Amino acid sequence: MYQYSAEDSKFLVERVDQFEKQLKRHLDGDLDAAKFRSLRLRNGLYMELHAHMLRVAIPYGTLNTIQLRALADVADKYDRGFGHFTTRQNIQYNWIELSEIANLLRELSSVGLHAIQTSGKATRNITADPLSGLTEGEIADARPYCELIRRWFNLHPEFSWLPGKFKIAVNGAKLDETALRVHDLGLRLVRNKEGELGFTVYVGGGLGAAAMVAAETASFVPCEDILSYLESAMRIYNLKGRRDHLKKLRIKFLVRELGAEEYSRLVYEDWKQTRDDPKLKLNLTHLSELKKDFALPIKPLVIEGFEDKVDFNYSIWKKNNVRAHKISGYSIVNVSLTKLGTAPGDATSEQMRILADLADQYSYSELRTTKRQTIVFPHVRKDQVFDLWQSLEKYGLASPHQGTLAQIVACPGGDYCDLAKAVSIPIATRVQQRFDDMDKLLDIGDLNINISGCENSCAHHHVADIGLLGMQKNGEEHYQITVAGETLHDTVIGKKLGPSVSGDNVVDAVEDIVNVYLDNREEEEKFTEVFKRIGIKPFKERVYE
Amino acid sequence: MSESNELTAASATLETKVAESRTLDTSVLNKDNERIELVSVEQWIENLDELSKLGVGVIVNPSDDVTLLKDTLNDITLIALDFNNFDDGRGYSQAYLLSKRWQYGGEIIGINAHLDQLQFMLRSGVTSYKLLEGYEGFDELDYSNGFSICYQAAANNSGLKEKF
C-alpha cells in the first residue's frame with residue numbers, strides 16, 4: 001500500500017511548524033483574526049458553535065489500519081472519543097483545543113495524515129471512487145492520478161488563494177460513486193479511439209444554493225497533460241472568478257456567467273501555451289511507481305466446494321452490503337456506522353479500533369471511506385464474509401438497516417453546526433423510527449434520503465432520491481423537499497416538490513413520497529426510474545393534498 | 001461560510017479597499033534602494049511614448065489585466081504587484097504570467113506584502129518584496145523558505161528539492 005516517503009513526512013512537519021508559529025503570533029496579538037482565519041482554514045481548522053473543529057484528509061478515501069488507529073488515538077487524546085467521517089472522504093473532530101493542535105497534527109504526520117487544504121479557498125482533498133481498483137469494467141484505478149494531482153496542488157504558489165474553495169473528484173469506474181459532476185472540477189478517466197488513457201473534464205458543478213451540473217470543458221485530455229490543463233482551468237478562475245460577491249465565489253458562477261463555451265475557450269487558449277512544457281507533464285515514472293503501490297494485494301482465488309452460510313439476518317445484511325469484487329474469490333464489504341439517533345458518519349474510537357482489527361484480519365489491513373459515510377472492507381475472502389459479519393454483529397456494526405432507506409446521510413445540523421438553519425439528525429431519527437419494519441425496508445430497497453441543515457448542502461440532498469433541506473420560515477424549522485436527484489449513472493439535480501414543509505410534517509411527507517413510489521413501481525424499478533415514468537405530479541398531489 | 005464569518009470577510013474586504021485608496025503608492029524603492037516612480041496600468045497605456053523614456057515602474061492592482069502590458073514589457077523599469085488584500089490571489093497569477101510566461105526581465109516587486117504569503121509570492125515569480133507594517137521582528141525565512149521540498153513546477157523553485 002502507498003505510504004509517504006521520509007521527505008513527504010518532513011514536509012508535513014514543516015507545515016505544522018509554520019502553522020504553530022502563526023498560531024503563536026495570533027495568540028500574542030501579532031496576527032489579526034481575519035488573516036489567522038484564512039491561514040487556519042488552510043490547515044483544516046474551523047471555529048464552530050462550541051469549540052474548534054479539525055478536518056483531516058483521507059486522500060482518495062484509502063486508509064490503512066495504522067492510520068485508522070492513529071485517528072482513534074487522536075479522538076481519545078484530543079477529542080471526546082469520537083470522530084465524524086464526512087461525505088468527502090475526510091474525518092472531522094469537533095472538540096479540539098487550540099493549544100493542542102500542533103501536537104495533534106505532528107502525531108498524524110507520523111502516519112502520513114494531515115489537514116492541509118481541507119478547508120479554505122484552495123484545492124481541497126481530492127476524492128476518488130471508494131471502490132477504485134475493485135470493480136469490473138473500470139477504465140483505471142483513479143488513485144495514482146489523484147495522488148499526483150493532490151501533490152501538485154499542495155501549497156501551489158499560484159493557486160492557494162483562489163476566489164473560493166475548489167473541490168476535485170476523479171472517477172475511473174463505470175458507475176460514478178464520486179458525484180464528480182457536482183464538483184468544482186470532475187475528472188473522468190476515459191480511453192480515446194487509439195486506446196490511450198486520458199480524462200474528460202467537467203467544470204463548474206456544485207450543490208449549495210445554486211445547484212449546477214458541471215459542463216464538459218474538454219472531452220479528452222491526455223494523461224500526461226492533465227496537470228497543465230488543470231492549471232489553466234484554475235488560472236482562468238483565479239484571474240476572472242467573482243471575488244466581489246460572497247455568494248458567487250465558486251467557479252460555477254464564473255462558468256455560468258461566461259458560458260461554458262467561452263470558459264472552455266479561455267482555458268484552451270491558456271493551455272496551448274503550457275501543455276508542451278516538459279516540467280508540466282505528469283511524471284510517468286512516478287505514475288508507474290504509484291501504480292505498483294496501489295496494486296491490489298490479492299490474486300484470484302479458487303475456493304473448493306465453497307457454499308455460503310444460510311442465515312436469515314446474514315442474508316439480509318449480505319444482500320445490502322456485499323458487492324462483487326473483480327478478483328474471483330473475493331468480495332467488497334460495506335460497513336455502516338449509522339445508528340438511530342447518532343450523527344451519520346460518527347464513529348467512536350472503540351469502533352475505529354474494532355474496524356482496524358477486523359480489517360487486519362479480513363481485508364489486508366486496508367479500508368476505504370465513502371460519500372455515504374460508510375467504511376468499506378475492500379478485499380474479503382468469500383469464505384470469510386460470514387465470519388466478518390458475525391464479528392460486526394458482535395460489535396453492533398452489522399445493522400440490517402444498512403443499504404436500505406434507513407441508512408440516511410445527514411450533516412451534523414443545528415445540533416452541532418453554527419451554519420445550520422435547522423436540525424438534521426433528529427429528522428433522520430424520526431424517519432428511521434417511522435420505517436422500522438424490516439420487511440417494508442427490504443421491500444423499498446435502496447433509496448437514498450439525504451438531509452442538509454442549510455444551503456451549504458453538506459449532505460448532498462440535491463442528488464438523493466429524497467432530499468431535505470433545512471430552512472427557517474416564520475421562525476420555525478421547515479424543510480424543502482427535492483426528489484429524484486442522482487449521480488451514479490447520470491448526474492441529475494433533484495426537483496423541488498413544492499413549498500417547504502414544517503418539521504412536524506416532514507416525516508409524513510417522506511412517507512407519502514415513498515408510498516407513491518411503491519404504488520407505482522413496476523418490477524425492480526428504482527425510485528428515479530419511476531419518477532421519470534410518472535413525473536412529479538403524483539408525488540406533489542400526495543404530499544400537498 | 002457562516003454569517004458571522006461572512007461579515008468578518010466583508011468587513012475585511014472593506015477595510016482593504018479603504019487601505020488601498022489610502023496607501024496608493026506613487027513610488028517605490030527598488031532592490032538597489034533607488035526610488036522608482038510608479039504609474040498605473042491605464043496611465044502607462046495612455047502615455048506610453050512619454051513614460052517609456054522616463055524609466056518609470058508600473059503598479060498593478062489585483063483587478064488590472066496584465067495582458068495589457070505584455071507587448072511593452074521591455075520598456076517597463078519595474079513592476080509592482082499589490083498584495084495588500086490578503087485573500088485576493090490574483091497577484092500570484094499576474095506574477096506567473098509576467099515572470100514565467102512572458103519572461104519579464106525587470107524587477108517584480110510585491111508591495112504591501114504579508115509575511116505569511118512570501119513563499120507563495122516568491123515562487124510565483126515575484127523577485128523582491130516590501131512588507132506591510134507590523135511584520136517587523138519575525139524571521140522572514142520561516143515564511144519565505146520554510147520548506148525543504150516542493151511538489152510543483154513554478155516560476156522560481158530555487159532552494160527547494162523538486163518532487164514532481
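Q: Which residues does Leu131(A) touch, leaving aside residues up to four places away in sequence?

A: Two residues are in contact if their C-beta atoms, placed from the backbone, lie within 7 Å. In this predicted model, Leu131(A) touches Ala173(A), Glu177(A), Ile332(A) and Val376(A), when residues up to four places away in sequence are not counted. Leu131(A) itself sits in the loop between β6 (127-128) and α5 (143-152) of chain A, where helices (H or I, at least four residues) and strands (E, at least two) are DSSP runs numbered from the N terminus.

Q: What should I know about the numbering and the confidence limits?

A: Residues are numbered from 1 along each chain as its sequence is written, and chains are lettered from A, with ligands numbered from 1, in the order in which they are written. Because the model is predicted, local features need pLDDT of at least 70 and side-chain atom pairs count only at pLDDT 80 or more, whereas totals for chains, interfaces and linings use all residues.

Q: Is Leu131(A) buried or exposed?

A: A residue is buried if 20 or more other C-beta atoms lie within 10 Å of its own, exposed if 12 or fewer, and partly exposed in between. Leu131(A) has 25 C-beta neighbours inside 10 Å and therefore counts as buried.

Q: Which residues have the most contacts inside the largest nonpolar core?

A: In soluble globular proteins, nonpolar side chains tend to be buried together. A nonpolar core is a set of buried Ala, Val, Leu, Ile, Met, Phe, Trp, Tyr and Cys residues joined through C-beta atoms within 7 Å. The largest one here has 139 residues, and those with the most contacts inside it are Ile513(A), Ile79(B) and Met121(B). Helix α6 (residues 226-240) of chain A gives the most to this core, with nine residues. A second, separate core of 59 residues includes Leu71(A), Ala72(A), Ala115(A) and Val335(A).

Q: How many residues of each chain are in contact with the other?

A: Here 32 residues of chain B are in contact with 33 residues of chain A. On the side of chain B that touches chain A, α1 (3-22), α4 (90-101) and α5 (118-124) of chain B each supply at least two residues.

Q: Where do α13(A) and α15(A) meet?

A: Two packed helices are described by the angle between their axes and the distance between the axes. The axes of α13 (residues 425-434) and α15 (residues 506-520) of chain A come within 10 Å and cross at roughly 50 degrees, the axes being lines fitted to C-alpha atoms, for helices over the stretch in contact, with angles running from 0 to 180 degrees between N-to-C directions. Ile427(A), Arg430(A), Val431(A) and Arg434(A) in α13(A) meet Val506(A), Val507(A), Val510(A) and Glu511(A) in α15(A).
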